[in-house]
Amino acid sequence: MDTQNTSVPPHAQSRNGGKNHPSHRARAKGHPGGVTHDNTRHATRFTVIGNHLAQHPDLSLLAIGLACHIQSLPTGAPADIKTLAARFPEGTTRIAAALRELETHGYLRRTRERTPTGRLVTRTVSCNQPDRRATTSGTSETPKPPARRTPATPQQEPARRRALPAVPKPAYTSPAVLRAATDVLAGLRREDPRLLLSATDAEHLAPGVAAWLERDLSPTAVRKTLAGDLPLEPLVRPAAFLAHRLTTKLPPLPPFRAPEPPPAVRYPLRNCDTCDHAYRGPDPHHCQGCLALRQPTPTAT
């Protein structure tokens, strides 16, 4: 009786036994407050909803419920805001916000199209799997999932450009002098490519060059002075370098010179109408002698 019958095949173990497959009752005991499911398989009138939608971490409950409702609608059923607001107790504002959520996460696409009669209608496309959209070639592409919401961080302000140093100001500015000063600055790059300036930098430096030009310096002399004896290292800010050079190397004003008297007036050679002698004088008809004879003699009193 103690001998084991080796001809009898061993009994197969139950697939539901053991720790790998705990029973529903055991799970209920482990989580007494959790949900339990009493499910019956649907045979008709059902819609398959993915857990990526039903348990979406970023969608609101209204958006999830609205997406489930839209996916259950037959093709061609109206799904505009007014129709949904008439169907559910939520107002148009909340339903519009929920539709925008679904559009953001790819569960809904809405486009405006014009019918053959000229009427504008809204075409609504419901996507049960936003991560798999058909392309024009018939294949499917898998875009990246929508980014999770992150707390807004204050944007860093862009680094402000340092202001250029001040430059000397001329005593009198004219458009012609400023134009000549700008030409001097534009020609510096021919002396050295490192002295290439922008239009904004040239506008800032032009008054300083004009102050040099009013000191009896030619444009060529100013250009040679600014571009001469440059350092060997790269010029990080050529405009700032030139502004410093315009200020530190500003030549003195020229000595005062009294204006020269105007040249004497030289009258043309004429013939006198009275004596017919040639003369030079302001009167176009009479020479000085004839003009004196024509003057009345004062009488004595």
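**Note on the predicted model: cysteines, helix packing and selected residues**

1. **Cysteine pair.** In this predicted model, the cysteine sulfur closest to that of Cys287 belongs to Cys290, at 3.5 Å, which is too far for a bond. The cut-off is 2.5 Å between sulfur atoms. By that rule the disulfide count is 0. Cys287 is buried, because its relative accessibility is 11% and the limit for buried is under 20%.

2. **Cys127 and Gln71.** Cys127 is also a buried residue, with a relative accessible area of 9%. Among the residues that touch Cys127 is Gln71. Gln71 sits in helix 3. How accessible is Gln71, buried or exposed? Its relative accessibility is 16%, so Gln71 counts as buried. Leaving aside residues up to four places away in sequence, Gln71 touches Thr47, Val48, Ile49, Leu53, Tyr107, Ser126, Cys127 and Asn128.

3. **His69.** Helix 3 covers residues 61-72 and contains His69. The relative accessible area of His69 is 17%, so this residue is buried. Its contacts are Leu84, Arg87 and Phe88, again not counting residues up to four places away in sequence.

4. **Helix 3 on helix 5.** Helix 5 spans residues 92-104. Its axis lies 9 Å from that of helix 3, and the packing angle is about 80°. Angles of 65 to 115 degrees count as roughly perpendicular, so helix 3 and helix 5 fall in that class. Which residues of helix 3 meet helix 5? They are Leu62, Ala63, Leu66, Ala67 and Ile70. On the helix 5 side, the partners are Arg94, Ile95, Ala98, Leu99, Glu101 and Leu102. By class, the residues of this contact are 9 nonpolar, no polar and 2 charged.

5. **Helical spacing.** An α-helix has 3.6 residues a turn, so residues three or four places apart point the same way. The helix 3 list includes Leu62, Leu66 and Ile70. The helix 5 list includes Ile95, Ala98 and Leu102.

6. **Helix 8 on helix 9.** Helix 8 (residues 199-213) packs on helix 9 (residues 219-227) at about 120°, and their axes are 10 Å apart. This pair is therefore oblique. The crossing of helix 8 and helix 9 is right-handed. Helix 8 contributes Val209, Trp212 and Leu213 to the contact, and helix 9 contributes Pro219, Val222, Thr225 and Leu226. The residues in the contact of helix 8 with helix 9 comprise 6 nonpolar, 1 polar and no charged.

7. **Helix 10.** Helix 10 runs over residues 238-248. Its buried residues are Pro238, Ala239, Ala240, Leu242, Ala243, Arg245 and Leu246. What do these buried residues pack against? The partners are helix 7 (188-191), helix 8 and helix 9. Arg245 is one of the buried set.

8. **Ala171.** The loop between strand 4 (140-141) and helix 6 (175-186) holds Ala171. At 74% relative accessibility, this residue counts as exposed. Ala171 is 40 residues from Ala211 in sequence, yet the C-alpha atoms of the two are 7.3 Å apart.

9. **Positive phi at Arg45.** Arg45 is not a glycine, but its phi is positive, at about 50°. It lies in the loop between helix 1 (24-30) and helix 2 (51-54). Its relative accessibility is 85%, so Arg45 counts as exposed.

10. **Positive phi at Asp229.** Asp229 is another non-glycine residue with a positive phi, near 55°. The loop between helix 9 and helix 10 is where Asp229 is placed. At 70% relative accessibility, Asp229 is exposed.

11. **Whole chain.** The protein chain has 11 helices and 6 strands. What share of its 301 residues counts as buried? The figure is 24%. Of the contacts with a separation of 6 or more, 51% join residues 24 or more positions apart.

Notes. Residues are numbered from 1 along each chain as its sequence is written. This is a predicted model: local features need pLDDT of at least 70, side-chain atom pairs count only at pLDDT 80 or more; totals for chains, interfaces and linings use all residues. Side-chain values use heavy atoms; hydrogens and water are left out. Helices (H or I, at least four residues) and strands (E, at least two) are DSSP runs, numbered from the N terminus. Buried means under 20% relative accessible area, exposed over 50%, partly exposed in between (1.4 Å probe, protein chains only). Contact means heavy atoms within 4.5 Å. Axes are lines fitted to C-alpha atoms, for helices over the stretch in contact, and angles run from 0 to 180 degrees between N-to-C directions. Angles under 35 degrees count as roughly parallel, over 145 as roughly antiparallel, 65 to 115 as roughly perpendicular and the rest as oblique. Ala, Val, Leu, Ile, Met, Phe, Trp, Tyr, Cys and Pro count as nonpolar, Asp, Glu, Lys and Arg as charged, and the others, Gly among them, as polar. A crossing is left-handed if the near helix is turned anticlockwise from the far one by less than a right angle, and right-handed if clockwise.
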